[in-house]
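User: I am new to this structure and want to learn how to read its features. Please take me through them one at a time.
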Amino acid sequence: MTLSLSAAGLTKIYDGRAVLDGLDFAFQRGKVHAVIGPNGSGKSTLLRLLSLLDPPTRGTVLFLDGEEPAPADISVRRRMAFVFQRPSLFNTTVLKNVEAGLAIRGRPKRERNDVALDALRRVEMEKMADRNGRTLSGGESQRVALARALAVEPEILFLDEPTANLDPHSVRIIGKAIEKLRDGGRTTILLVTHNMFLAQRLADRVVFLFEGRIVEEGEAAAVIERPRDERTWRFLTGELAG
Amino acid sequence: MQEMTSSLVRAFELLLSLDPVLYGIIFLSLQVSGLAVIAAAALGVPAGAGLALVRFPGREAAVSLLNTFMGLPPVVVGLVVYLILSRSGPMGFLGLLYSPTAMVAAQTILAFPIVAALTHAGIASVDPIVKDAIRSLGATTSQAARLVVIEARYAILAAVIAGYGRAAAEVGAVLMVGGNVEGYTRVMTTAIALETSRGDFELALALGIVLLFLSLVVNLALRAVQKRGALVR
């Protein structure tokens, strides 16, 4: 049974300001959730808290393994993966970058190599396996970062604006890889994006975050095309400032 | 000017004639500084890494102290090592004063803060997003520490090379604790100082050329390492 994820009263306070304010939400297992909202609405913070990178000020992140609660520790962290907005590759070859998560999990060398090459093929980067990760373009780096995440076969995948400022070719390849993962139905994906076309194309659900709270949530097409809340509508039409 | 030119010519002649005194001094210098930098790296890299990776009370003060010690005056180090190793000092029974071992100790003390402080700076400056990526991949605390150190490997290598540069160019401390004994503790820097005071410039210049050449090699290595470490994104 795959892992499921929910937030209970999740609050994060930075410098006296609540970036996330008592957020309660259960993400649907195996679905793609696009998290949208203006800048500063708490999207990236939400991802960092849910992925256990940062601790909440208050509230909890709950994991269920089937129906059983799973402790929020390293074993759960190893069932998730994260792709950051900025390039986050290590100063080594592309192949070793993608093997990193597998090496951490103690997988044998030969197996690591095969899995990493397969992950690189999914983002059309296998020909650059021997290049240093730091010499790649922004789009190439992000594709390798996605391959590194895919290689560990995460049950929950966090994508923090993975296609921001990228060339259309890389956006297409990343979109395709996420689509394939979604169709597999085994990975819960949380995708923070400002790209509404991408959100509509990839997401099953859309969560609209505003001032640290979920204002609206629902089926992707419904939220994007027929938002119920006035703030969602104003955000989608570009009238709501962050 | 003419004397300087003829001294320079004779210096090159000395170098090319493989003069045993000259090469004995060069070999001892490389040995002393080499051993000192190995000791400074063995102590300084873990110390710098620990300061960068482990949070403990007084950490900031320790970093400030280390940074201050980067500018340790060699004569002060020489004096302290002298007092410790002198017959009436706490380690006088070892009989190490005026020996190459005493010179290694003095140079290690001088190179250690440089290696440790630069290792600390190198590890501390690893991009936070790379550290996040390591954690997000499910690394344990010790795995994450290892990976961050690997990520900073070029900065650490640069720290060790800088430590070698400091040790090899040093004169005051080794003069005080080594005694500049011919054929035993005379190294390039102390020989240059002595020969210059004697007015014998050929040997001094020949050694100066070798020191300059070594300095060039060290700097080229440093540049190459730093360039590799700072590969553009």
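User: How many salt bridges does a search of the whole structure find over all chains?

Analyst: Side chains of opposite charge can pair when their charged atoms come close. The rule asks for a side-chain nitrogen of Lys or Arg within 4 Å of a carboxyl oxygen of Asp or Glu. Over all chains, the search finds 17 salt bridges. This is a predicted model: local features need pLDDT of at least 70, side-chain atom pairs count only at pLDDT 80 or more, and totals for chains, interfaces and linings use all residues. Residues are numbered from 1 along each chain as its sequence is written, chains are lettered from A and ligands numbered from 1 in the order in which they are written, and side-chain values use heavy atoms, with hydrogens and water left out.

User: Which residue forms a salt bridge with A:Arg79?

Analyst: A:Asp65 does, with the closest N and O atoms 3.1 Å apart. The pair links distant parts of the chain, 14 residues apart. A:Arg79 sits in the loop between helix 2 (74-77) and strand 6 (80-83) of chain A, and A:Asp65 in strand 4. Helices (H or I, at least four residues) and strands (E, at least two) are DSSP runs, numbered from the N terminus.

User: Where do A:Arg201 and A:Glu179 lie?

Analyst: A:Arg201 is in helix 7 of chain A and A:Glu179 in helix 6 of chain A, 22 residues apart. Their side chains meet in a salt bridge (3.2 Å, N to O). A:Arg201 is partly exposed at 36%, and A:Glu179 is partly exposed at 22%.

User: What separates B:Asp132 and B:Arg135?

Analyst: About one helical turn, because they are three residues apart in helix 6 of chain B. B:Asp132 counts as buried at 12%, whereas B:Arg135 is partly exposed at 28%. Shared partners join A:Arg48, A:Asp54, B:Asp132 and B:Arg135 into one network.

User: How many salt bridges lie across the interface of chain B and chain A?

Analyst: The rule finds three. One salt bridge joins the side chains of A:Arg134 and B:Glu151 (2.5 Å, N to O). On the side of chain B that touches chain A, helix 6, helix 7, helix 8 and helix 11 of chain B each supply at least two residues. Helix 6 gives the most, with seven.

User: How many residues of chain B are in contact with chain A?

Analyst: Contact means heavy atoms within 4.5 Å. By that rule, 22 residues of chain B touch 26 residues of chain A. Buried area is the accessible area (1.4 Å probe) that two parts lose on being put together, summed over both. Here the two chains bury about 2,200 Å², 53% of it on carbon and sulfur atoms.

User: Which residues of helix 7 of chain B are buried?

Analyst: They are B:Ala144, B:Val148 and B:Glu151. The buried residues pack against helix 2, helix 5, helix 6 and helix 8 of chain B.

User: How many helices and strands are there in chain B?

Analyst: Eleven helices and zero strands. Buried residues make up 44% of its 233 residues.

Conventions. Buried < 20%, exposed > 50% of the residue type's maximum accessible area, 1.4 Å probe, protein only.
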